[in-house]
Amino acid sequence: MLVLGIETTCDETACAVVKSGNHILSNIIASQIGLHKDYGGVYPELASRSHVDNFIPVLKESLKEACITAQDINLIAVSKAPGLIGSITIGLNAAKALSLAWNIPYVGVNHVEAHLYAAMMHVNPTFPAIGVVLSGGHTFIVKINALGSYEMLGTTVDDAIGESFDKVALMLDLPYPGGPEIEKLASQGDPLKYSFKAGFVKNNPLHFSFSGIKTNVLYAVKGDNANKHSPTILPEEEKKHLAASFQHCVFMDVIRKTLKACDLHGCKTIFLGGGVTQSQTIKNLFKKQLPPHIQVHYPKKGLSLDNAAMIAGLGYHLYQKNPISDPLDMQAAPRMPI
Ligand code: KG4
Ligand code: ZN
C-alpha cells in the first residue's frame, strides 16, 4: 500500500510517499527557517501563507522522487493536530481535496504520536516501552503498551525543551532555530562550568520544568538586574561554557527521568522522537548512562525534525486497524493529547 503523507503543523511544508508503513520512497521538506529567522521563532500567519505557496511544488516533487503518479497512491495521511491551527488547516484541506479528487481514503494523524512512530519505524518494536517526545512544541514521557495505546507519565509544566533551546539561543545572540546552534557552540565549552539545575516538579518526578534554568541563563548573561532588554555583561568567550552547561543540564534531566520511567514501569526499551533528537550530544550522553539491559532507539536521519514520512507511516498502521476514511468535516486542532 502506498501512502501519501502530508505535514504542515508548524513551519515545514512536507509531503512523503511511504510503502507499507516504513519503506520511504520520498520525503520532501520545504523549510521556512529563513522566513522566521528575524522573529526568533515561528510567525504563525507567515507560516500559513507559506504553506499555501509551497504545497503544490512539494507534492509534485514527492511524487516525482518516488517515481509514481497520483493514480498509484492508495491512502492519504495528514497531520490533524497539535500545532498552529492555520498551518494545520492548509494541509488538512489539501488532504480532503486530494481524497475527493483521487477518490481514495484519507486519515488524520496526531503529529506527536508520529514523532514517536519515527523512532519505531525501522525496528521491530517490543512493548511495553517508554516513549519520549522532545520537540519544539512538546516534551513528554509515555508508557507505550502498543502502537496507539499510551499512558502519559510526565510532561512539561512550562516550556517545551526545543523552545527552551530556542529562547536560550536568543539570549546568546544565536540564530533560530537555537538547538543546533547551541550544540555547535557547546562543543567548545565546559559542560560543568555552571552548576544549573533543571526543575523538579513536586507532585510528579517525571514532569519537566525548563523555565527556571532559562532564567538562570538570563542572569548569567545579563547580571542580577536582568531583563530581556538589559545589556549583556557576559564576555563572548564565556558563551560557549554557558551553552555547554545549559545543554548538559537539560539533557541529563531528560535522561534521568527517562531511565526512572523505565525503572518504575519495568520497561527495557526506549523510543525517542522529535526535533531535539537530532542532537548527537544527547545520543552520546544517553549511551554513557544506559544500563546494559536497556535499549534506546532514535529516528533515522531525516526523521527527527518535522517530516511527512512519519505521518504516512503512522497513517498506514491506523488505516490497517480501522480501514475507513475520516469524515470530510474533520477539524484541525491546536491541542490533542496522545
Ligand atoms: O520536532 P520539531 O521539528 O518541531 C516541533 O514539532 O516542535 O523540533 C524543532 C525543535 C527546535 O526547537 C530546535 O531548536 C530543536 O528541535 N532542535 C535541537 C537540535 N536540533 C533541533 N535542540 C537541541 N539540539 C539540537 N541539535
Ligand atoms: Zn514536530
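Visitor: In which loop is Pro291 found?
Guide: Pro291 sits between α9 (280-289) and β10 (295-297). Keep in mind that this is a predicted model.

Visitor: Is Pro291 buried, exposed or partly exposed?
Guide: Read the relative accessible area. Under 20% is buried, over 50% is exposed, and partly exposed falls in between. Pro291 has 26%, so it is partly exposed.

Visitor: How far apart are Pro291 and Leu259 in sequence and in space?
Guide: Along the chain, 32 residues separate Pro291 from Leu259. In space, their C-alpha atoms are 8.9 Å apart.

Visitor: Where is the place of Pro57?
Guide: Pro57 belongs to helix α2. With a relative accessible area of 49%, Pro57 is partly exposed. Pro57 and Cys15 are 42 residues apart along the chain, and 9.8 Å lies between their C-alpha atoms.

Visitor: Now the metal. Which residues coordinate the zinc ion (ligand 2)?
Guide: Three residues are named: His111 through NE2, His115 through NE2 and Asp306 through OD. The distances run from 2.0 to 2.1 Å. Water is not among the atoms, so a site may look incomplete.

Visitor: What spacing do the donors of the zinc ion (ligand 2) follow along the chain?
Guide: The pattern is H-x3-H-x190-D. Look at the histidine pair. His111 and His115 are four residues apart in helix α4 (residues 111-120), so about one helical turn separates them. Both histidines are buried.

Visitor: What angles are found among the four donor atoms of the zinc ion (ligand 2)?
Guide: Start from the ideal. Four tetrahedral donors have ideal angles of 109.5 degrees. Here the angles among the four donor atoms span 95 to 135 degrees, and the site is classed as irregular.

Visitor: Which element gives the largest share of the lining of the largest pocket?
Guide: That is α5, with six residues. Elements that each supply at least two lining residues include α4, β8 (149-155), α5 (161-171), α6 (178-186) and α8 (236-265).

Visitor: How many residues of that lining are nonpolar, polar and charged?
Guide: The lining of the largest pocket holds 21 nonpolar, 17 polar and eight charged residues.

Visitor: Next, the strands. In which sense do strand β2 and strand β3 pair?
Guide: A general point on strands: in a regular one, side chains alternate between the two faces of the sheet. Then read the bridges. Strand β2 (residues 12-19) and strand β3 (residues 23-31) are antiparallel, with eight bridges. One of the pairs to inspect is Glu12 with Ser31 in β3. Three residues lie between these strands in the hairpin, where Ser20 has a positive phi near 50 degrees.

Visitor: How many bridges join strand β7 to β8?
Guide: Six, and the strands run antiparallel; β7 covers residues 139-146. Ala146 faces Ser149 in β8. This hairpin has two residues between its strands, and Gly148 takes a positive phi near 95 degrees.

Visitor: Which residue other than glycine has a positive phi near 60 degrees?
Guide: Cys67 does. Find it in the loop between α2 (44-66) and β4 (75-81). Its relative accessibility is 70%, so Cys67 counts as exposed. Asn103 also has a positive phi without being glycine, near 55 degrees. Asn103 lies in the loop between α3 (85-102) and β5 (106-110). With a relative accessible area of 70%, Asn103 is exposed.

Visitor: Last, omega. What kind of peptide bond joins Phe127 and Pro128?
Guide: A cis one, with omega at about 5 degrees. Pro128 is in the loop between α4 and β6 (129-134). Another cis bond links Tyr176 to Pro177, where omega is about -5 degrees. Pro177 falls in the loop between α5 and α6.

How values were computed
Residues are numbered from 1 along each chain as its sequence is written. Chains are lettered from A and ligands numbered from 1 in the order in which they are written. This is a predicted model: local features need pLDDT of at least 70, side-chain atom pairs count only at pLDDT 80 or more; totals for chains, interfaces and linings use all residues. Side-chain values use heavy atoms; hydrogens and water are left out. Donors are N, O and S atoms within 2.8 Å of the metal (3.2 Å for Na, K and Ca); water is not among the atoms, so sites may look incomplete. Four donors count as tetrahedral if all angles lie between 85 and 135 degrees; four count as square planar and six as octahedral if opposite donors are over 155 degrees apart and all others between 65 and 115; anything else is irregular. Buried means under 20% relative accessible area, exposed over 50%, partly exposed in between (1.4 Å probe, protein chains only). Ala, Val, Leu, Ile, Met, Phe, Trp, Tyr, Cys and Pro count as nonpolar, Asp, Glu, Lys and Arg as charged, and the others, Gly among them, as polar. Two strands pair if DSSP finds at least two bridges between them.
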